[in-house]
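Time to open the notebook and jot down what I looked up today.

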Number of protein chains: 2
Amino acid sequence: MSGPHRDEIGALVLLCAMVSGEETIEKRSAKQPLRLFCGWFCPFAQRAWIALEEKGAVYEYVAIEPYQEDASKPGGYSKNPLPLEEKRRRYPEFMASSPKGLLPAIESTQADGSVHRIYESMVCVEYVEEALDGPSLMPLRSRPEARAKVRIWCAYIGEKIIPHFYRLLMRETADEREAEKKSLLDGLLCLAQAMDPVSADGGAFFLGDEFTMVDIALCPWWTRFRSIAGTYRGFEVPRGATWDRLHAWGDACENRPSVARTIVDQSRLIANYTGYADSSATSTVAQTLAAKTT
Amino acid sequence: MSGPHRDEIGALVLLCAMVSGEETIEKRSAKQPLRLFCGWFCPFAQRAWIALEEKGAVYEYVAIEPYQEDASKPGGYSKNPLPLEEKRRRYPEFMASSPKGLLPAIESTQADGSVHRIYESMVCVEYVEEALDGPSLMPLRSRPEARAKVRIWCAYIGEKIIPHFYRLLMRETADEREAEKKSLLDGLLCLAQAMDPVSADGGAFFLGDEFTMVDIALCPWWTRFRSIAGTYRGFEVPRGATWDRLHAWGDACENRPSVARTIVDQSRLIANYTGYADSSATSTVAQTLAAKTT
């Protein structure tokens with residue numbers, strides 16, 4: 001672990017000591033009509049998880065372990081995904097909701113007995129927004145231009161930021177890793193420039209005081225930029241000027257109770273990513289995202 | 001031009017003789033507070049264009065020509081994009097709405113003088129849906145699971161169908177082209193299987209009677225599968241079994257008045273794609289989509 005990141009990781013460990021994804025998993029283990037198929041390690045699943053916590057929903061957290069067992073790895077699992085037929089055998093309800101076997105998925109049994117089955121992380125977030133009561137995850141419908149801005153930058157995060165995180169972990173040469181680091185920082189800077197100013201009340205979300213889908217879209221990775229990319233690639237988001245807007249945003253997100261309740265033990269997560277660090281990552285998401293060239 | 005496609009292209013030419021994108025462009029040329037920055041050749045822009053026509057909106061069609069002039073090419077333009085600074089010089093209002101210089105974009109001046117500026121094709125469609133009165137382009141909000149289904153398949157179209165169309169045009173070897181053709185057909189078959197059955201009233205849209213964003217997301221390419229991919233790559237969507245659901249869908253879309261009013265002269269479009277056929281395509285969209293490996 002290189003020097004400059006120790007403080008940041010220390011702060012993260014502290015954050016996790018205060019609030020715990022693991023405690024939330026335990027608390028949400030009882031059977032409910034609304035079920036989230038989730039994985040403690042998965043940032044895509046964390047998006048849907050945050051949305052449910054933000055809404056104050058009553059839901060069941062259903063733990064899915066989509067990787068093959070490997071006693072030699074920390075936590076007891078490899079990053080080799082189970083074959084689809086094996087996923088269907090172990091997790092038939094999950095697979096009924098997510099035909100490709102990707103996390104997250106939602107199963108919601110209605111009063112009339114009908115069942116809604118939803119997959120794709122941001123589609124799950126939008127479903128939670130539209131199907132459940134509670135705080136809105138989007139600007140009001142009377143502000144269609146603000147809603148459009150949220151959608152534009154959700155797409156941007158998926159195309160121009162997240163893939164570079166996975167490629168930074170998977171690329172093998174120093175030059176390639178430097179190029180990915182630069183692309184990741186370029187993407188983050190462009191996002192920071194698009195953020196509304198911090199509000200008079202100190203609201204530092206993408207839209208200032210409003211916590212919306214665009215915050216949810218990125219914040220699971222913000223934590224991982226420091227814990228995973230910091231540990232294994234010496235990745236660090238600079239300070240000063242526009243970068244400070246991004247750090248203020250990240251702090252605001254991680255201190256949001258709904259987000260904090262989904263942040264798992266980072267040392268466990270760091271151990272879980274060992275496979276990525278030695279370029280042996282084979283998870284479907286990592287392979288797909290690393291292969292994209294845009 | 002190979003044999004089997006002549007009838008299909010003949011039918012397309014007939015379709016264009018009845019209704020004309022060119023007539024709509026002419027009809028919508030007057031200055032209005034709501035402006036669509038569009039290109040007659042651009043299927044992404046056509047998505048936003050269809051949404052506006054479907055809503056019965058009063059709007060101004062602002063023609064953008066983002067490619068460099070080349071007198072040797074049909075229509076007088078190459079497929080080499082203008083440099084961004086040149087786009088900014090020629091089209092300052094368009095570039096204010098679409099910072100990357102990609103079509104489509106919307107500029108909407110409000111009663112209070114404020115201006116909404118929107119880009120990204122599906123974000124423009126959602127903006128039109130939310131900002132304007134007229135027929136809904138989504139299932140009602142009381143059906144969040146149907147809205148989620150529309151969103152899941154919009155994403156699928158963007159990831160698993162459209163990139164293969166561009167790669168089919170750009171790949172150079174017969175083997176690579178066959179592989180892309182197969183991937184394109186696999187994607188279309190999977191979409192067809194996800195469609196609701198044709199309704200009792202004969203409604204053949206993705207959700208049966210309801211014309212929604214998921215229909216808008218693909219139908220600009222459906223026309224091009226036959227005119228462009230048919231002409232230059234002998235591409236043909238099979239008939240029979242599940243394929244018939246797809247053809248019924250395509251017919252329903254192309255006969256929808258809002259869609260028909262945006263379909264331009266296909267012989268002009270075929271000439272415009274000459275550059276793609278000889279593997280010299282350099283448009284930003286084609287290069288980006290062809291480079292993606294998923």
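I started with A:Ser108, whose bridge partner in S6(A) is A:His116. Before going on, I noted that this is a predicted model, where local features need pLDDT of at least 70, side-chain atom pairs count only at pLDDT 80 or more, and totals for chains, interfaces and linings use all residues. Residues are numbered from 1 along each chain as its sequence is written, chains are lettered from A and ligands numbered from 1 in the order in which they are written, and side-chain values use heavy atoms, with hydrogens and water left out.

**The sheet.** I looked up how S5 (residues 105-109) of chain A and S6(A) pair, and found the antiparallel sense over five bridges. Two strands pair if DSSP finds at least two bridges between them. Strands (E, at least two residues) and helices (H or I, at least four) are DSSP runs, numbered from the N terminus. In chain A, four strands make an open sheet with mixed pairing, in the order S2-S1-S5-S6. Which strands stand at the edges? They are S2 (60-63) and S6 (115-119) of chain A; each has a single partner strand, so one side of each has no neighbour in the sheet. From one strand to the next, the twist averages 20°.

**The helix.** Next I checked H3 (residues 43-55) of chain A, which lies across S1 (34-38) and S2 of chain A and runs at about 150° to S1(A). For such angles, axes are lines fitted to C-alpha atoms, for helices over the stretch in contact (heavy atoms within 4.5 Å), and angles run from 0 to 180 degrees between N-to-C directions. Is H3(A) mostly covered or mostly open? It is mostly covered, as 13 of its 13 residues are buried. Buried means under 20% relative accessible area, exposed over 50%, and partly exposed in between (1.4 Å probe, protein chains only). Just after H3(A), I found A:Gly56 with a positive phi of about 70°.

**The cysteines.** A disulfide is a covalent bond between the sulfur atoms of two cysteines. How many disulfides are there over all chains? I got zero, with a disulfide taken as a pair of cysteine sulfur atoms within 2.5 Å. For A:Cys42, the closest cysteine sulfur is in A:Cys38, 6.9 Å away, which is too far for a bond. A:Cys42 counts as buried because its relative accessibility is 11%.

**Chain A overall.** I noted 14 helices and six strands in chain A. Of its 294 residues, 56% are buried.
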